[in-house]
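Subject: Structure for you to look at

Hello,

Here is the structure for you to open. My notes on what was found follow below it.

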Amino acid sequence: MAQFDLPLDELQSYRPPREEPADFDGFWTETLRASRDHGSAQFIPVPSPLRSILVEDVTFPGFAGQPIKGWMLRPADGGIRATVVQYIGYSGGRGVPEQWTLLPSAGYAVLVMDSRGQGSSGAVGDTADPVGSGPQIAGRLSAGIEDPHDYYYRRIFADAACAVDAARSHAMVDPDRVVVAGGSQGGGIALAAAGLCDGLAGAMIDVPFLSHFRRALRITDATPYSELTLYMQTRRGEEEDVFRVLSYFDGVNFAARATAKALFSVALCDMVCPPSTVYAAFNTYATDDKEMAVYPYNGHEGGQWNQTLRHLAFLDDVFS
């Protein structure tokens, strides 16, 4: 594996023109309006072999009020420095609560949002996606792509904003001390949440997927982006229709609206989420209070535990 994208000095200034629909803000305002006020999040204590961490099974209303599952873990001694809303990578689910013990061990609560209709690899999912779609390639990236109102990521991005609402509604959570986080698909979801949710204290966005789609499809044939390439191979002449729909879900457009302090990471050998697509979002992110961790010789695995340690340092800095 070798670096294949732009040189680092060009990446650091790479800021392509945004492909943004005129009704982007109205589309998301209406989506969130129709997704909120469908009842309260439910937090049900569950038994666990963990001794210093309390675990709750979470169900909250997401897109259009549809039920979304999650886990809430927090220190058993009652002291919570802040709360992290955690989003999950492509095809993963919320798994079991014992997978999510690091942040509670460091004094933070974590709400792990299940990804609707996913959970086929790595960790089990428990949330169905009750919304159907037209013809699609296997995977989620082309589901409902004929219309932005039907597109899969409209539902999951709305779920993500509702997950922040759910976390803030917990009796032990300070609503002003909430951070969103995720890697790959989870990073793309965290970036969308950062653009959709007001008053976040921070965002931790690692090797984000779902950003600068046109560039991604031009320079990589790795999955999941290849799902879109395969879709368009039989939809000749419909390419601009596809990119028009994707413009409502492009991380670059959410970045332009995000102002929470941010920690990004990029891997310069990442064929799955190419570095230029990550930097397009980072350089557009609407605050100077941001930093990028660069891993020159890594692929999509990124910084792994090195980046986890940077997360803890970032949280210490935000909540010192």
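Is Glu20 buried, partly exposed or exposed? Glu20 counts as partly exposed, at 31% relative accessibility; buried means under 20% relative accessible area, exposed over 50%, and partly exposed in between, with a 1.4 Å probe and protein chains only.

The model is predicted, so local features need pLDDT of at least 70 and side-chain atom pairs count only at pLDDT 80 or more, while totals for chains, interfaces and linings use all residues. Residues are numbered from 1 along each chain as its sequence is written, and side-chain values use heavy atoms, with hydrogens and water left out.

Salt bridges

A salt bridge here is a side-chain nitrogen of Lys or Arg within 4 Å of a carboxyl oxygen of Asp or Glu. The count is 20 salt bridges. In one of them, Glu20 pairs with Arg257 at 2.9 Å, N to O. Glu20 is in the loop between α1 and α2 and Arg257 in the loop between α9 and β8, so the pair ties together parts 237 residues apart in sequence. (Helices, H or I of at least four residues, and strands, E of at least two, are DSSP runs numbered from the N terminus.) Arg257 is also partly exposed, at 23%.

Arg94 is buried, at 4% relative accessibility. Arg94 forms a salt bridge with Asp57, with the closest N and O atoms 3.3 Å apart, and another with Asp126, at 2.8 Å. Asp57 is buried at 17%, whereas Asp126 is partly exposed at 39%.

A network of salt bridges links Arg116, Asp129, Arg140, Arg155 and Asp159.

Regards
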